[in-house]
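Biologist: I would like a close look at a single part of this model. Please keep the answer plain and define the terms as you go.

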Amino acid sequence: MIRHQVLWRVVVGIAWTSQASAGWIIDQSIKSQGTESKQQIVMQANQMKTLMLNPEGKPEMAFVLDLNNETVTQVNYREGSYTTAKVQEYAQMIQVAMKNATSAMDNALKDLPPEQREMMEKMMRSRMPQADKKSEACVEPRIELRKTGQQATIAGHPSISYEVLADGKPESEMWIAKNITAWKELDPKKLERLMTELAVAAPGCGTTQSRQAGFGKDNAWKLANEGYAVKTVDRSGSGTTVEVINAEARSLPASEFRPPAGFTRKELSEMMGQGASRAK
């Protein structure tokens, strides 16, 4: 399945006060259940790129959100290919891919004994958002943010700790660095509208892990006006930690948000189909 963990939650009413004059490059480490991966977040002038790196530090996959043109570009570095589509088209294709994945899972389990099938279904469905869930069955938890008063320096940036509660229970802790103003590169109204469209494609039902697998589910957005989350620790089960390694503000060339020269453009349906095949 395509990873969408780097597209964050939009909250109405964020008070953006100014436009930044330079872009940001933010390198992050993701640690989960004994494994570690790296990613890079790049923001400038209403464009945001999330770049996933392989263990050798080389680009593997990238997603570029262009708020001005309302497009999503997906780049596959291993295959030297990319696809660009309108956000609405991309969201619709994700819904189709999710339904196909659910159908493929059902077919794969149909010949198992009833007890084993039930166990496998529970395990697999808990790890993926359900495209066919009825909206009335999806109840988002009540989220609270509490400033703990704890302070720390992370990747050279002074930060303040916040506790995130879901229905009164600890969900995560976040360390916010006020001097990293990357989010001010993006127009909040445009981002809110496009993220809402993308969030519909991946319903927010189920566990914290499955809810965060969809678009726009990260509570970092509720603190975006305070700065950037230099460290986020999941406290609801997975223990996943996302931590900034380095953050640098500088002007970036337009090519930073374009597919590399020589890459082959493919249709969105073709790229999605390849992702589904690898997930089987």
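Is threonine 71 buried or exposed, and what is its relative accessible area?

Modeller: Threonine 71 is buried, because its relative accessible area is 14% and buried means under 20%, exposed over 50% and partly exposed in between, with a 1.4 Å probe and protein chains only. This is a predicted model, where local features need pLDDT of at least 70, side-chain atom pairs count only at pLDDT 80 or more, and totals for chains, interfaces and linings use all residues. Residues are numbered from 1 along each chain as its sequence is written, and side-chain values use heavy atoms, with hydrogens and water left out.

Threonine 71 lies in strand 5, residues 71–76; strands (E, at least two residues) are DSSP runs, numbered from the N terminus. Leaving aside residues up to four places away in sequence, threonine 71 touches Val64, Leu65 and Asp66, as well as Thr84, Ala85, Lys86 and Val87. A contact means heavy atoms within 4.5 Å.

Asparagine 246, in strand 11 (residues 241–250), is partly exposed, with a relative accessible area of 36%. Beyond four places in sequence, asparagine 246 touches Ile25, Ile26, Asp27 and Ala155. From asparagine 246 to glycine 156 the C-alpha distance is 8.1 Å, although the two are 90 residues apart in sequence.

As for confidence, pLDDT is the predictor's confidence in each residue, from 0 to 100. The protein chain has a mean pLDDT of 78, and 67% of its residues reach 70 or more. Over residues 1–20 pLDDT stays under 50, and the model has 71 contacts there beyond four places in sequence. Residues 130–136 also stay under 50, with 10 such contacts.

Note on methods
Helix = DSSP H or I, 4+ residues; strand = E, 2+ residues; numbered from the N terminus.
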